[in-house]
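Hi everyone, thanks for having me. Please take a look at the structure on the screen, and I'll walk you through a few of its features.

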Amino acid sequence: MREKCKLSLAAVGFMSLVPLAAPAQEPPKVQIPQPGVPQIMTMEGRYVRAAYNNEGYAILGYKLANLSVGEEWMLLEVGVALRDGVPDYDLVREAVSLETPDGKTIPLPSIAEFRKGDVRALQARERVQRDSINYVPRNAHRACSIQVFTDVDSRAMAWDKVELTDQRACLGRFYFPVPGKITYGQHWLNVKFAKSVVRVPFRILTKEEDKLLDKNFKDIKKQVDEAFKKKS
């Protein structure tokens with residue numbers, strides 16, 4: 001894993017792409033979603049979002065999810081790590097959940113539930129519809145795999161936990177069955193560490209919002225960078 005050290009207090013969170021009133025020549029203003037917990041949120045790419053506090057760090061790529069509106073399963077590429085000096089921690093399946101725009105909280109499914117769903121087409125699309133999530137804290141320099149899901153025909157064993165240390169950056173996939181199917185709007189990936197919760201925001205964009213982000217990405221990122229910049 002190549003190291004990308006982007007974790008300064010000037011790093012920013014991803015916001016709701018809801019444009020506010022602005023003159024035609026000015027970039028659109030954005031609203032930053034409120035996680036309800038103390039944390040920094042970062043925007044590493046068009047479909048790459050991260051959040052962290054003094055204990056833990058989580059990042060996700062959701063390009064495929066953004067292209068899966070109306071489907072029953074959501075696939076997120078994810079990475080988790082501990083901050084420097086934090087004691088070892090076992091991240092269990094029950095510590096991860098997805099919050100949907102209608103306020104529902106969806107836990108990670110069991111391996112049995114996962115295997116009942118047919119995600120083969122989703123996995124095939126993920127090979128090309130993805131973004132790099134190799135942005136990790138400097139202290140997390142050893143790669144490890146998140147393997148809470150394995151396919152029926154795979155020889156690999158699925159584990160119900162991920163053993164985290166402050167030197168490991170663990171990457172993998174999370175799958176969620178979404179009641180009522182994937183819809184547009186604000187979502188949150190919740191990751192519970194030993195003493196705190198990190199909530200990674202990501203928005204399933206409408207075509208208009210996607211065009212807005214594509215056209216104004218640099219200006220939007222600049223705005224949110226300023227929103228989280230450490231006051232001198």
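Let me start with a definition: we say a charge sits over a ring if NZ of Lys or CZ of Arg is within 6 Å of the ring centre and within 35 degrees of the ring normal. Keep in mind that this is a predicted model.

So which ring does the charged end of R93 sit over? The ring is that of F149, and the charged end of R93 is 5.2 Å from its centre.

W73, F114, F149 and Y175 form one aromatic cluster. Inside that group, F149 and Y175 make an edge-to-face pair, with 5.4 Å from centre to centre and 85° between the planes. This pair links distant parts of the chain: F149 is in the loop between β8 and β9, while Y175 is in strand β10, 26 residues apart. Are these two buried or exposed? Both F149 and Y175 are buried.

Now let's move to the sheet. As a reminder, strands of a sheet pair through backbone hydrogen bonds, either parallel or antiparallel. Here, four strands form an open sheet, in the order β7-β6-β11-β12, and the pairing is antiparallel. Why is one side of β7 and one side of β12 left without a neighbour in the sheet? These strands, residues 105-107 and 197-204, stand at the edges and each has a single partner strand, so there is no neighbour on one side. From one strand to the next, the twist averages 25°.

Look at β6, residues 96-99, and β11, residues 185-192: four bridges join them.

My last stop is another aromatic pair. How many aromatic pairs does the structure hold? There are eight. In one of them, Y62 and F202 have ring centres 5.1 Å apart and planes at 50°, so we call the pair tilted. Y62 lies in the loop between β3 and α1, and F202 lies in strand β12, so this pair ties together parts that are 140 residues apart in sequence. Y62 is buried, with a relative accessible area of 0%. F202 is buried as well, and its relative accessible area is 0%. Recall that β12 is an edge strand of our sheet.

Terms used
Residues numbered from 1 in each chain as written. Predicted model: local features only at pLDDT ≥ 70, side-chain atom pairs only at ≥ 80, totals over all residues. Heavy atoms only, no water. Pairing = 2+ DSSP bridges. Helix = DSSP H or I, 4+ residues; strand = E, 2+ residues; numbered from the N terminus. Axes fitted to C-alpha atoms, helices over the stretch in contact; angles between N-to-C directions. Phe/Tyr/Trp six-rings, centres within 6.5 Å; stacked < 30°, edge-to-face > 60°. Buried < 20%, exposed > 50% of the residue type's maximum accessible area, 1.4 Å probe, protein only.
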